[in-house]
Amino acid sequence: MTMNWQPAASMATLRERARLIATVRDFFAARDIWEVETPVLGQGGSTDVHLVSLSTLARTDKGQRKLWLQTSPEFHMKRLLAADSGPIFQLAKSFRDGEVGSRHNIEFTMLEWYRPGFSLAQMVEETTALVEHVLPRSPGPVVHYRYRELFHTHLEVDPFTTSLDVLRSLAAERGSMPAQALSDEGRDTCLDLLMGMVIEPHLGQQELSVVVDYPASQAALAKRHQDADGEWVASRFELYLNGIELANGYDELTNAQEQRQRFDDDNAERRRLGLPEVDVDTQLLAALEQGMPASSGVALGMDRLIQRALGKSRLEEVLAFSTANC
Amino acid sequence: MANYSTNEFKAGLKVMLDGDPCSIVENELVKPGKGQAFNRVKLRNLMTGRVGEKTFKSGDSLEGADVMDLEMEYLYTDGDMWHFMKTDGSFEQYAVEKKALGDTVKWLKEQVPYILTLWNDKAISVTPPNFIELEVVETDPGLKGDTAQGGSKPATLSSGAVVRVPLFINQGEVLKVDTRSGEYVSRA
């Protein structure tokens with residue numbers, strides 16, 4: 001049997017990768033944002049219904065414990081913020097089970113940073129500056145869109161007010177699914193399908209696209225606010241380049257009680273869907289209880305940014321070893 | 001048959017979709033920001049040959065299709081059915097309907113190996129070899145000395161296919177033809 005032991009990426013690409021990572025560190029050093037390292041393992045995991053966490057059993061000083069591999073370094077970094085770290089960044093190995101494809105790998109590098117006192121608008125500005133700093137050529141102008149406006153432009157429906165039945169049949173049609181395929185699904189699943197299949201391919205073409213004002217139900221760990229139309233929306237943005245989501249940023253939720261409620265709601269939804277529950281990160285809740293400064297934060301898929309910077313069509317072309325041959 | 005979940009969809013996997021066996025051509029994970037993941041899957045319907053795209057929620061599954069490809073030699077036709085024989089020494093024969101044969105009917109030659117795609121042990125398609133050597137049974141007389149590029153004329157081959165050939169080709173000659181494009185390659 002021949003073993004496929006060779007690196008997935010060429011040596012020249014891996015050297016380019018190292019150079020790009022160095023430019024990221026320069027960017028943050030110039031802005032007095034210091035680099036931290038936090039554990040990959042945690043006693044709590046991500047409850048997000050759409051993420052599948054990996055876990056492992058470890059013999060700890062408290063006996064055998066189930067520990068979760070992080071889906072992003074968010075919880076540990078927020079505990080540092082609550083301990084008055086000030087602005088911090090990290091290049092962190094993160095894990096999302098089952099995510100395999102030309103722009104996904106189960107294990108990947110997340111660039112995550114937090115800015116106490118920054119508004120979401122300031123964070124958008126810093127994120128686009130970072131992307132421009134790393135890319136060899138300007139990606140074009142930064143163009144802002146509201147989530148609602150994108151649905152009006154590309155699908156002629158309103159994500160907040162169009163009836164669920166209409167969204168279900170439109171999503172099924174655009175996904176070449178049988179008409180009844182989505183009859184049990186909620187609004188967010190239909191909106192996710194339309195966003196992913198129809199709208200995303202148009203974003204970030206000859207420009208950097210910034211999308212804001214996502215429905216409040218898609219807030220994840222971001223605050224919520226009322227937009228200019230009076231709709232409750234998530235205080236969150238997404239950045240797109242060449243039809244691919246590169247980064248998402250939050251005006252971070254700092255309220256411990258609301259955070260606990262969202263974790264519990266996620267686990268309730270997991271039970272309803274027959275998915276395994278995930279241990280809630282009680283240490284994060286304790287940190288928020290004590291007080292985390294108002295902050296904005298961004299998570300950026302570093303491998304994807306490198307992929308774009310080097311013009312590679314598959315993510316594995318910028319990885320030393322993909323999960324397929326790790 | 002086993003069920004396959006979207007993350008097991010790989011190029012070449014045979015699955016059932018709307019009652020027809022299909023072969024997966026491509027599978028791409030699409031995950032909008034923080035939300036529900038989907039798989040955009042390109043499938044070839046093995047009954048019609050048509051390629052289409054379908055979207056699945058990640059984690060959905062499809063039943064596997066009992067499809068296999070076997071090499072068999074063409075034997076003869078009785079007018080209704082076309083008969084092939086396994087090349088593995090078993091002498092086992094399969095009868096193929098005209099519908100399953102499709103365009104391959106014009107590339108048939110005795111003792112040449114073809115790939116038969118079987119679904120539940122019934123032939124649903126027949127793929128000819130990429131190149132085949134066939135005799136010209138009818139064409140206008142060759143122009144002596146004309147070996148220049150540019151001119152061509154139709155020629156009917158022993159299997160019934162009609163291909164464009166250079167003007168110098170004569171009746172009775174054996175030609176190498178590309179079955180995928182239906183184009184003349186060279187004299188055999």
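Chain A has a radius of gyration of 20 Å (taken over C-alpha atoms), which agrees with the value near 20 Å for a compact globule of 326 residues; the rule behind that is 2.2 Å times the number of residues to the power 0.38. This is a predicted model, so local features need pLDDT of at least 70 and side-chain atom pairs count only at pLDDT 80 or more, while totals for chains, interfaces and linings use all residues. Residues are numbered from 1 along each chain as its sequence is written, with chains lettered from A and ligands numbered from 1 in the order in which they are written.

Stay with chain A for a moment. Its C-alpha atoms fill a box of roughly 50 × 50 × 45 Å along the principal axes. There are 9 helices and 12 strands (DSSP runs, H or I of at least four residues and E of at least two, numbered from the N terminus). Buried residues make up 42% of the chain; buried means 20 or more other C-beta atoms within 10 Å of the residue's own, with C-beta atoms placed from the backbone. Of the contacts (C-beta atoms within 7 Å) with a separation of 6 or more, 68% join residues 24 or more positions apart.

Now for the inside. The largest nonpolar core holds 84 residues, and Leu239(A), Leu246(A) and Leu300(A) touch the most other members. Such a core is a set of buried Ala, Val, Leu, Ile, Met, Phe, Trp, Tyr and Cys residues joined through C-beta atoms within 7 Å. Leaving out residues up to four places away in sequence, Leu239(A) touches Thr127(A), Val131(A), Leu208(A), Val210(A), Leu246(A) and Ala247(A). Apart from that core lies another, of 24 residues, including Ile124(B) and Leu134(B).

That takes us to chain B, which is divided into domain 1 (3–63), domain 2 (67–127) and domain 3 (131–187), with bounds from an automatic or database domain assignment. The C-alpha centres of domain 1 and domain 3 of chain B lie 42 Å apart.

How do the chains meet? In all, 18 residues of chain B are in contact with 23 residues of chain A. On the chain B side, β3 (20–30), β4 (38–45) and β5 (51–57) each give two or more residues, and β5(B) has the largest share, 4 residues. From chain A, look at helix α6 (187–199), whose buried residues include Leu191(A), Leu194(A) and Ile199(A). The buried residues of α6(A) pack against α4, α5 and β8 of chain A together with β3, β4 and β5 of chain B.

Technical notes: Buried ≥ 20, exposed ≤ 12 C-beta atoms within 10 Å, placed from the backbone. Contact = placed C-beta atoms within 7 Å.
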